[in-house]
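Reader: I have a model open and would like to go through it. Can you put it up and start with the terms?

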Amino acid sequence: MKNQLSTLPYRKWCLLLIATGFLVFTYFLGQKNTLSDPIDLRPEIGTRGIGLSGAFIGSADDATSPLWNPAGLAALQHGNLIYDLSQGAVSVAYPIRPIGTFGVNFLDLNANDRFLLNHAANPIGSFELGNNQVLFSCARKFGPLQIGASTGFSRAPYQGSLWAPNYDVGLLAEINAHLTLGMRLRDIAGVTIRHTDGHVLQTFNQQVAIGAVVTPHPIIRWHNRFDISPAYFGTSIEIGNRAIAAHVGSTFTLDDELPFQSWRVGFSLNQLGKELHYTYLNQENLEYRHLMSIGMSFGETQSISQDTQINRQEQKDKTITPNTPTSIPMPAIVTQKPALKDQPSTPTTDTSRKPTPKTEPKTEPKTEPKTEPKTEIKTQPPEQTEVAYLSIQIATEYDIDLPLMLAIIHAESNFNPVAVSENGAAGLMQVMPATARYLGLKVPQYKDKRKPKLDANIDERFDPHKNLHTGLTYFKMLSERYKGNLTLALGAYNVGPGRVAVNGPLISRGKQYANKVLSRSRYYRENKAQMEEDLKQLEAALKSRDGT
């Protein structure tokens, strides 16, 4: 493992250099087709991206990602739908886990290119007219790199305009917890849009843009973007987390058709899978300066494919095998050692347990320890052996430390399989309805999720086995999302991943929960008798299908 870990940084930089070299090569390959054309670029769409001064290239992470950097699609965990009210753009993306994330974008769908009403009194509107585009995109993550590509068609805002194909590629690389880099190559070979009679209506030049996001503090992100041609620089500061954030930024350009400098300010809200983005543009050449978009996440009922789960579990079993002797047999040893110390003080048990011929003639002290473990195993309740076996089997299956698993269950439900929280989480691992459906459990739609049906046949969260497996599957997904950072994964399990960025921070409630679980895990290691007692509680819960 030491050798593998030591090579990870080298692999990261190697992948980054290869991907960057590919983009640069593609750029120069297409230059011959566009150098003679006047500078003309495809219009950029998207309230959130524009609000970040166009620096969304380095932090794209939603359905509008292909409009800025198609590699950003790889960051999606759920389906995402965003409608830009100001520019008539619909963006949809959905992750298909073994393959990648796919997205489609339809731009400028409104007949008059205005939202609802083409009138100056309408504060929400577009500054482009009829630049229709259709984009189909795909992205996938390869270790620290996200790579994506888009293809589609564009037309000019003229009657009789034909459609012309366009191609984009991009990448994102997280260098460390404080720096993320992005690069986008747009219209690789340039785009020439013609009229039905053959004359050229509009051209879109090839464009290379580089983005960087610096995170000096977990709730402060500094977005930057630089374009090679035409020279353009955008920068913005974003303060907040995924749930709520405000941003202010500025742009600088040398294009004669655009103001040299402009600024913008706005905010983003993301609550319960619903999102709202708003930006105000202070730019001289714009009549409509208010941008707004709405969106939602979907796909909670999608379950991870069984093949994927089996492959992951097989890999986990292989990695955990060398550690099994040191971490797993601990509970079984704990149950026997105290018996050796206590038994000599009860002589009645010694005389009543001498049916075996080997132990009767031997009166030396050395023989007593040999007979005691045997008799203790015979008299030990069968529940105790099953407790260790079931818990160890489940912990091994999910590659999770046994004390940590028990600590999470203790913090969530105190081993009560029919526990229901004020937020509607239920069962041993306190699984929310949407999460349970996403991972394949049957959960009805409740008018009040705080009052679920305590029946495992109706709501499978109350099946202790399914609840435990679902909760651990979700926790392992979080552990992968936060790259093995146990504190962040625990915090996200409590407050939700939407409130915890990949590099943090944790809000105070998440920190308290993570500290509570880690403290309990340490307590189990130091107090093995208590761990054995809680193992019995877990076994009792697992024996009852519906918690009764």
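Author: Two strands count as paired if DSSP finds at least two bridges between them. Helices (H or I, at least four residues) and strands (E, at least two) are DSSP runs, numbered from the N terminus. This is a predicted model, in which local features need pLDDT of at least 70 and side-chain atom pairs count only at pLDDT 80 or more, while totals for chains, interfaces and linings use all residues. Residues are numbered from 1 along each chain as its sequence is written, and side-chain values use heavy atoms, with hydrogens and water left out.

Reader: Fine. How many bridges join β12 to β13?

Author: Nine, and the two strands run antiparallel. β13 covers residues 244–253, and a hairpin through three residues joins β12 to β13.

Reader: And what joins β11 to β12?

Author: Eight bridges, again in the antiparallel sense, between β11 (residues 220–227) and β12 (residues 232–240). That hairpin has four residues between its strands.

Reader: Which residues stand opposite G234?

Author: R225 stands opposite G234 on one side of the pairing, and T251 in β13 stands opposite G234 as well.

Reader: Then where does β2 go?

Author: β2 also pairs with β3 (residues 100–107), antiparallel, over seven bridges. Three residues lie between them in a hairpin, and P95 has T101 in β3 as its bridge partner.

Reader: Switching to the surface. Which residues make the nonpolar patch?

Author: I219, W222, I237, I239, V248, W263 and V265, over about 580 Å². Patches are made of residues with over 30% relative accessible area and no salt bridge; like charges are joined within 9 Å, and nonpolar side chains (Val, Leu, Ile, Met, Phe, Trp, Tyr) within 5 Å. Areas come from the Shrake-Rupley method with a 1.4 Å probe, and for residues only the protein chains shown count as cover.

Reader: Which strands supply at least two residues each?

Author: β12 and β14 (261–271). I239 is in β12, and I239 is partly exposed at a relative accessible area of 47%. The classes are buried under 20% relative accessible area, exposed over 50%, and partly exposed in between (1.4 Å probe, protein chains only).

Reader: Salt bridges next. How many in the whole structure?

Author: A search finds 15. The criterion is a side-chain nitrogen of Lys or Arg within 4 Å of a carboxyl oxygen of Asp or Glu.

Reader: What does R42 meet?

Author: R42 meets D168 at 2.8 Å, N to O. R42 is in the loop between α1 (2–30) and α2 (47–51), D168 in strand β6 (residues 164–176), and they are 126 residues apart. R42 also meets D187, at 2.4 Å. D187 lies in the loop between β7 (179–186) and β8 (191–194), so this pair ties together parts that are 145 residues apart in sequence.

Reader: Are these residues buried or exposed?

Author: R42 and D168 are both buried, and D187 is buried too.

Reader: What does R48 pair with?

Author: D62, with the closest N and O atoms 3.3 Å apart. R48 lies in helix α2 and D62 in the loop between α2 and β1 (79–84), so the pair ties together parts 14 residues apart in sequence. R48 is buried at 12% relative accessible area, and D62 is buried at 1%. Separately, salt bridges that share partners join E44, R184, R186, R225 and D227 into one network.

Reader: Last topic, helices. Which residues of α13 are buried?

Author: G510, Y513, A514, V517, L518, R520, S521 and Y524. They cover an arc of only 155 degrees around the axis, which puts them on the same side of α13; the arc is that of the directions from the helix axis to the C-beta atoms. The face turned away from the buried side carries the exposed S508, Q512 and E526.

Reader: What span should α13 have?

Author: 27 Å for its 19 residues (508–526) at 1.5 Å a residue, and the end C-alpha atoms are 27 Å apart, which agrees. The expected span is 1.5 Å times one less than the number of residues.

Reader: And α14?

Author: α14 (residues 528–543) has 16 residues and reaches 23 Å from first C-alpha to last, close to the 22 Å expected. Its buried residues include M531, L535, L538 and L542.
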